[in-house]
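Please keep the sequence and the model in view while reading.

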Amino acid sequence: MKQVFYYKAKQGPAQIIEGMIEADNVDMAISRLLQTGYTPLDVKVTSDKKIQKKIKNVISPSPLAQKVRVQDVMIFTRQLSDLVNAGVPVLRALQLVHKQIKNKHFKQMTQQMISVIQAGGPLSTALTQFPALFSPLYVNIIRSGEVGGNLNIVLDRVADFVEKDYDVRAQVRTSLFYPAFLLLAGGVTIFVILTWVIPRISTIFIDMNESLPLVTMMLLAVSRFLARFWWLLIGAGVLTGVYLKHLYSTTEGKIKIDGLKLKLPVIGQFIKDVEIGRFARTLGTLLGNGVTVVTAIDTVQHVIDNELLKQDIAKMTQQVTEGASLTQSMQASSLFPEAAANMVAIGEETGQLHVGLTKLAVFYEHQSERAMKRITSLIEPVLILVLGLFIGFIVLGMLLPIFRMNLIIR
């Protein structure tokens, strides 16, 4: 349980300051003062609760987090880690990083973090002001480093973790960019041809007073429908999007949609591989930093995107709390294949669980990368084939009457 300690310390060569700080014990309080850049002269426990009120007064959760990019957090974490590992106290390191931040919203947020630390709060408490940027996983790892007195090592691991997670997400976005662009460009082109070009050319065919080929009649029917009711299709699309968004905002709807995702061929297995890799990487990082198994598994739920798998991990937390091993809870889960559970079992037997989880993460991360390459390599030709069929249908519908006109003229 945390206690409040009164301290007197030197700041710089001559200045003496006094204040209060939260810590589990005297040694931790002294360690935190040293990390902040102060030289403790006197540290003793006190029942005064002013420090809690002082910290609460400077904590004010802000919507500014929505205007900060993930890349900004990644750079912030790496710079803070490098400075602390170079021996710079946390407060001074945070102040130096604050000066280099260009995003004005993030700059305001780091200033609030500095205020919390100056009031005697730890870095983990300062980070909890912005849960949209610093997840429970991020905060718990930092807190474990503060308790264990190895904040410099922990910050380095957090920086590695954030960079790895960012790289994986960026790779997925980059892989899907070209297929999405191809689909958008092709769809817009076909829509313009059907709604604007063909209605203007169709008058030529109508003036022929000849029976038109079936393909041409179908093309003209589709064109007339789109030209008249394009607004209806757009409205239906918007309403469908709003409905799906509302459905996904509910737990039941999210379970249904995420369940359907897992049943998709190829895509479903890819989602599982990504989630298992993220689960193993996160859990291994937490356990490697001294977080208990129950707390670590409970924290992992926040980094899993698929609601169905998230509920599966919640069951694992309950099973481990009731005394089951991590291996047993994984074997009872529908998420993990037997090979993954066996690798974790070896880690538990050797007392190197976090190492086994890290190896499991690397395996599934590589597997998901290979699956992503296969999926993108399949999407491109499939899209080209579908768009080609649509364009071929349009060209055929336009050319058949022209060929018939040539035969009549001859």
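Q: At what angle do helix H3 (residues 70-85) and helix H5 (residues 104-118) pack?
A: This is a predicted model, in which local features need pLDDT of at least 70 and side-chain atom pairs count only at pLDDT 80 or more, whereas totals for chains, interfaces and linings use all residues. Residues are numbered from 1 along each chain as its sequence is written, and side-chain values use heavy atoms, with hydrogens and water left out. Axes are lines fitted to C-alpha atoms, for helices over the stretch in contact, and angles run from 0 to 180 degrees between N-to-C directions. On that basis the axes of H3 and H5 are 12 Å apart, and the packing angle is about 40 degrees.

Q: Which residues of H3 and H5 meet, and how do they divide by class?
A: Contact means heavy atoms within 4.5 Å, and by class Ala, Val, Leu, Ile, Met, Phe, Trp, Tyr, Cys and Pro count as nonpolar, Asp, Glu, Lys and Arg as charged, and the others, Gly among them, as polar. From H3 come Asp72, Val73 and Phe76, and from H5 come Phe106, Thr110 and Met113. The contact of H3 with H5 therefore divides into four nonpolar, one polar and one charged.

Q: Why do H10 and H13 count as roughly perpendicular to each other?
A: Angles under 35 degrees count as roughly parallel, over 145 as roughly antiparallel, 65 to 115 as roughly perpendicular and the rest as oblique. Helix H10 (residues 251-263) packs with helix H13 (residues 307-321) with axes 7 Å apart, at an angle of about 105 degrees. H10 and H13 are therefore roughly perpendicular.

Q: How many nonpolar, polar and charged residues has the contact of H11 with H12?
A: Helix H11 (residues 267-288) and helix H12 (residues 293-300) have axes 9 Å apart and pack at an angle of about 145 degrees. On the H11 side are Phe279, Thr282, Leu283, Leu286 and Leu287, which meet Val293, Ala296, Ile297, Thr299 and Val300 in H12. The count by class is eight nonpolar, two polar and no charged residues.

Q: Is Leu137 buried or exposed?
A: Leu137 has its place in helix H7 (residues 136-148), and, leaving aside neighbours within four places in sequence, Leu137 is in contact with Phe161, Thr282, Leu286, Thr299 and Val303. Buried means under 20% relative accessible area, exposed over 50%, and partly exposed in between (1.4 Å probe, protein chains only). Because its relative accessibility is 3%, Leu137 counts as buried.

Q: With which residues is Glu365 in contact, leaving aside its neighbours within four places in sequence?
A: Glu365 lies in helix H16 (residues 353-409), and with a relative accessible area of 10% Glu365 is buried. Apart from those sequence neighbours, the residues in contact with Glu365 are Lys164, Gly277 and Arg281.

Q: What separates the C-alpha atoms of Ala314 and Val300?
A: Ala314 lies in helix H13 and, with a relative accessible area of 31%, is partly exposed. Ala314 and Val300 are 14 residues apart along the chain, and their C-alpha atoms are separated by 9.3 Å.

Methods:
Helix = DSSP H or I, 4+ residues; strand = E, 2+ residues; numbered from the N terminus.
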